[in-house]
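Have a look at the model first, then read on.

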Amino acid sequence: MKSFLPWRRAAFALVALGCAMAVQAQQVLQFKWGHVYEPTSIFHQQAELAARKIAEQSDGKIRIEVVPSSKMGQEADFPLMLANDSMQIAYVGDATLAEGYPPLSLGSYPFAFKDLDHMRKYLASPLLADLMKGYNEKSGNRMVATVYYGARQVTSARPLAKPEDFRDLRLYVPAAAAYQLFATALDAKPLTLPFMSLYGALKKGEVEAQENPLGIVRSKKLYEVQKYVQLTAHVYDTLGIVIGKAAWARLSPPQQAMVEKVLVETAKWTNVGVIAGELEDEQFLRSKGMTVTPVNRQLFLERIVKRATPEQQGARPGDYAKLQALAAGAN
């Protein structure tokens, strides 16, 4: 019997080592971060940067795979995917998130912002922080940061100088209510299709015009199938960086604090990059032969308010007044 003790000890040691390795493996959290943007976009770059920082600061215990270009689905599907844990992190437009939490529609109401400075004040405001808190409480997910997506502009195959020019226009807009409102208030024909199909639809003439930030026009090469840019800036758009409820619960409190800090810091980097890139994108599109012209935004706003108020779109009473007060420098 004694001769077998060394073998037993070795076996016990191997079992213990195997258990330790299994525990260590279980401690490594594997997350997928999905989005609809191209790998060349600043949003993908931010996600990759954040993933590296989180891996480093967690000693490899949190590993994030960034999946671009709608490979995990369309943005409208992301809230459900986050909820059922088939995706752990996502960029989701605030207008899309507002479908589940209507008060977030405030910032997506057409012409809610006077200019870029107004938007920047909103990003740093208690108003937005309170809206994010409300979303988290309602959804169970965790919206940890908001990034500036860009001012949405209209591109087209023909000039669109005034609201009347939009009548019966086959205009691509995302499915969210705020984008649909912009189209219907102008008597256009709103068309919604998978983001990855937009280029082909424009090329074939199935869609005549679309609206997106200039950075998206550039990265998706829409300048190849569109001739004109109308600087409507009808929505100064934002994206939420959202972590699913189950994924957030798997993080320890220190890990939650670290992940949130990294995402907030890299979001600020993205905001600076998007703002700096907008002027560059405009010049780039001009160099590609696009005609870029401003429009009278007031004429368009008058059409919008006749169709629906911010409150009718889901904003909380009083929030729109608070948003407008930010433009005047009030808190």
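## A pair within one helix

Asp-117 and Lys-121 are 4 residues apart in helix H5 (residues 116-123), so about one helical turn separates them. Helices here are DSSP runs of H or I with at least four residues, strands are E runs of at least two, and both are numbered from the N terminus. The two side chains meet in a salt bridge, 3.6 Å from N to O; that term means a side-chain nitrogen of Lys or Arg within 4 Å of a carboxyl oxygen of Asp or Glu. Asp-117 is partly exposed at 42% relative accessibility, and Lys-121 is partly exposed too, at 30%. (Buried is under 20% relative accessible area, exposed is over 50%, and partly exposed is in between, using a 1.4 Å probe and protein chains only.)

A word on the source: this is a predicted model, where local features need pLDDT of at least 70 and side-chain atom pairs count only at pLDDT 80 or more, while totals for chains, interfaces and linings use all residues. Residues are numbered from 1 along each chain as its sequence is written, and side-chain values use heavy atoms, with hydrogens and water left out.

## Salt bridges across the chain

The structure has 16 salt bridges. One of them joins Glu-280 and Arg-218, at 3.4 Å from N to O. That pair links distant parts of the chain, with Glu-280 in helix H11 (residues 253-287) and Arg-218 in helix H9 (residues 214-219), 62 residues apart. Arg-218 also lies over the face of Phe-284, 4.0 Å from the ring centre. For such a contact, NZ of Lys or CZ of Arg must be within 6 Å of the ring centre and within 35 degrees of the ring normal.

## Aromatic pairs

How many aromatic pairs does a search of the whole structure find? It finds 13, counting rings of Phe, Tyr and Trp (its six-membered ring) with centres within 6.5 Å; planes under 30 degrees apart are stacked, over 60 edge-to-face, and the rest tilted. Among them, Phe-43 and Tyr-91 sit edge-to-face, 5.9 Å centre to centre with 75 degrees between the planes. Phe-43 is in helix H2 (residues 42-57) and Tyr-91 in strand E3 (residues 89-93), so the pair ties together parts 48 residues apart in sequence. Both Phe-43 and Tyr-91 are buried.

## Strand E4

In strand E4 (residues 142-156), 14 of the 15 residues are buried, so the rest of the structure largely encloses it. E4 runs antiparallel to strand E8 (residues 228-243), joined by 12 bridges; strands pair if DSSP finds at least two bridges between them.
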